[in-house]
Amino acid sequence: MTVHPGAWWLWALGLGTAATRTTNPLLLALLIAASAYVVATHRSSAPWSRSYTAFARLALAVILVRVLFAVALGSPIPGTHTLLTLPEVPLPHWAQGIRLGGRVTAEAVVFAAYDGLKLATLLICVGAANALASPSRLLKSLPGALYETGVAVVVALTFAPHLIADVQRLRAARRLRGRPDRGVRGLLQVGLPVLEGALERSVALAAAMEARGYGRTADVPAPVRRTTAALTLGGLLGVCAGTYGLLTAEGGVYGLPLLLAGVVAALAGLRLGGRRSLRTRYRPDPWDLRAWLVTGSGVAVAALLTLASAHDPGALHPGVVPLVPPTLPLWPAAAVLLALLPAFAVPQPVPREHS
Amino acid sequence: MIRFEDVSVTYEGAAGPTVAGVDLEVAEGELVLLAGSSGVGKSTVLGAVSGLVPHFTGGTLRGRVTVAGRDTRTHQPRELADVVGTVGQDPLAHFVTDTVEDELAYGMESLGLAPEVMRRRVEETLDLLGLAGLRDRPIATLSGGQRQRVAIGSVLTPHPRVLVLDEPTSALDPAAAEEVLAVLQRLVHDLGTTVLMAEHRLERVIQYADRVVLLPAPGAAPVAGTPSEVMAVSPVYPPVVALGRLAGWSPLPLTVRDARRRADALRERLAATTTDHHTAPTTTATDRHTAPTTTAGNGATATAVGAEAAGNRATTTADTRATPPTTTADRAARVASRPVAGPEAVGGGRRGAVASGVAGDGVGRRRFFRRRPSPAPEPAALTAEVRSLSVRRDRVQALRDVDLAVGPGETVALMGRNGAGKSTLLGSLVGLVEPSGGTVRAGGLVPHRTPPHDLIRQVALVPQDPRDLLYADTVAAECAAADRDAGAEPGTCRALVTGLLPDIADDTHPRDLSEGQCLALALAVILTARPPLLLLDEPTRGLDYAAKARLVAVLRGLAAEGHAIVLATHDVELAAELAHRVVLLAEGEVIADGPTAEIVVSSPSFAPQVTKILAPQQWLTVTEVREALA
């Protein structure tokens, strides 16, 4: 019925990758529309699904900030269509290369808007993943050895919303004491009680988790334990040395093999470490045909747009100097529409009653 | 199943042991209730069963606790997780995942049960607790009763042989509490689960207990026995036991049913006393059944009931609940102008269902006005007035077309399910919630448009957790801050605190206070500004009977001084003791509004125990019965 949360994340990341390949506003808008359509039809009624709107607002803010910066700080884009001229602030000699105010050209603004839109699309894709699959569900798919860390991360993630709720409640309580409930001072004064409350709740949760068997471990023979430690440590060292090798000029020969060996050893260590954990999984999300389809559509969009950007960069990066209206390249647009595949391949969640 | 061998627990930094001399054995399949006042160590005893005391909390445990043969000394709580299921006081602090189904599976996953077993048990538990319809719901969207059931379900799925519950019904409305208790009953009877639970609201749970273990005082050895044996000596007891003790019944009845079977003689006696009072309606000011009281206090009830005896009885009710023991002349005057009839006189029977639905109401009042020795009171200005209030929050209609009028000196109880809109209504009276329609006036002000500094002189709210109101490190600092906030004379708040809590030191940290003391401190803090309207949200949550009795005395005193009080509560006994009027809310609408006696008597879930026992006579509290018999 539901699709593996990993599939949704891969799909969304595929769309995000595609967005980084182009600055064509029409293609980006098409990407946003496709992801929004899937979210609108497939998100559940859970609280985390509401985060999509928050991401959309954040994306809008990103575009605005990007354009404002271009207006205020100028832009390296040469332009001829002057929109307005701001008073330029003379800066001292050492701040050469930075400009405050001055001429604002249409080209610079359009370039900034394209650039901002690219980033905004990326954000909206992450928001879509968040709305379609809760990050905590994704953590359920972690390997056994990492599970306990995963739970700690999830608990930490829920800490923030609780903290915000506490701040709101205590600021309201300030009103009951006859003190203003707005303003920074009010926020600071509730700080300590909020932290105290959060700490108390964390301790209560820890007690509940402990009493419910969190952290029970199986007895593992000593050799296995030692092998696990050796593999994990050796693997991590290998990864470090391999990365160093790849990044330095003379390490090109041993870098890649060492990195790969390190990764393999670390993975083996994790797998062996999983033996210590008794945990079993309740109804793990199956990776089925639908999951493949969802992932495939995301990857396909990313791959096709990458190909298109290599093949025909002009169409995917409409010119701003000279200023021309962007056109919709037919084939890349058709490729973006592949992102809609999950909307038809995955059945919609049954609307549930909410009281 | 659970065995305590001479157990004592001493926490670090404590002067003496919190519990001592606990020698106790709980057999398999027993439901044992742990009773005692606040702070006697109930939670410590419960924690010792799951091993959280002392492994998690610290402190020193002497003696030995074994559960299903496992010594908690050598077993960590997580190694006991397959035999003991623990649910703490706050179910929200218990949840690890975010949906119902995952939560039910969480414990089993930790224990490493096979996936097929987990799947089967989750389905079984969903059915057992009636949660099947909620399986995919995020926990954050559940009501209080549902959360408690999910919390119990989440510890049931690993099939523990022992269930440990700390105050499972305290935060719940009567119906939700019954839901949870029915589930426990079923577990004990059908599955042979051993249950050990602590609960303040004995009236809800005592009838289900096989045995009661009473902790008489901190550090004192517990007393164990059958419920009726223990209740005979217990310092905490439900109203049914209080009535049994008053009437001298032995063995003590524990359920309404038992008590009703024995109550014939008592009913006759009570009927006789009320008739006596009625046949001698002297006009002396000292007699509490003077004519003005009857009609001013409870005219509606009197005529509604029709029977003379009952009418007179109703007078008693109103009088004992509202009149402070001051000079008689003073009292007569206050009673005459007391606003029990006020809202009706002023509002003209707005809530038609109750007020004007009563046959002969007008007739009764007219006759009374003619006969009344003193001039009719001016309709007092309303302390709070709510007209066709609607509130929408997050696309949910929290309140719909609500009317409410509260006059000075009047106590109103708001009752209804968890989530019926009680807290929202209180919030809108104090400006925390902005109405989406209708008007709210508190002391002539529009609460959400009034700066907090001015509002606290008109209306004050004690929130569900009174600790939210306390910020300072010491009681003295808290009081000084309250004086500043209210612009009152330095020392005003401290004097109020001393009045409410005589033996409290200046340098006590508010976090070290018990629930009852915290409530009293919060009350003193907001009373510093002397607001005519006082709102309390669930004031008896976590209070034992003694703390509750003190609260009742304090609130009665405040009402007598002319404060209007509105309290949202699930505690029917509290409402019966205090309220002149009860307003029932359901799904954001007022479904009944009328004198306490009328509203609660007619409702099976909101009737206090005494009412149920002595029906068809209308008595609300043991105090009334005691005074009538005296």
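A residue counts as buried when its relative accessible area is under 20%, and A:Trp8, at 4% relative accessibility, therefore falls in that class. Keep in mind that this is a predicted model.

**Aromatic pairs**

A:Trp8 has a partner in A:Trp11, and the two make an edge-to-face pair. Both sit in helix H1 (residues 5-20) of chain A, and because they are three residues apart, about one helical turn separates them. How buried is A:Trp11? Its relative accessible area is 0%, so A:Trp11 is buried.

Across all chains, the count of aromatic pairs comes to two. The other pair to look at joins A:Trp287 and A:Trp292, again edge-to-face.

| Ring pair | Distance of centres | Angle of planes |
|---|---|---|
| A:Trp8 and A:Trp11 | 5.6 Å | 85° |
| A:Trp287 and A:Trp292 | 5.7 Å | 80° |

**A charge over a ring**

Over in chain B, a tyrosine ring has a charged neighbour: the charged end of B:Arg245 sits over the ring of B:Tyr237, at 4.1 Å from the ring centre.

**Two helices in chain B**

Helix H3 (residues 100-111) and helix H5 (residues 144-156) of chain B have axes that come within 6 Å and cross at roughly 35°. On the H3(B) side, the contact uses B:Val100, B:Glu103 and B:Leu104, and H5(B) brings B:Val150, B:Gly153 and B:Ser154.

Key: Residues are numbered from 1 along each chain as its sequence is written. Chains are lettered from A and ligands numbered from 1 in the order in which they are written. This is a predicted model: local features need pLDDT of at least 70, side-chain atom pairs count only at pLDDT 80 or more; totals for chains, interfaces and linings use all residues. Side-chain values use heavy atoms; hydrogens and water are left out. Axes are lines fitted to C-alpha atoms, for helices over the stretch in contact, and angles run from 0 to 180 degrees between N-to-C directions. Helices (H or I, at least four residues) and strands (E, at least two) are DSSP runs, numbered from the N terminus. Contact means heavy atoms within 4.5 Å. Rings of Phe, Tyr and Trp (its six-membered ring) pair if their centres lie within 6.5 Å; planes under 30 degrees apart count as stacked, over 60 as edge-to-face and the rest as tilted. Buried means under 20% relative accessible area, exposed over 50%, partly exposed in between (1.4 Å probe, protein chains only). A charge sits over a ring if NZ of Lys or CZ of Arg is within 6 Å of the ring centre and within 35 degrees of the ring normal.
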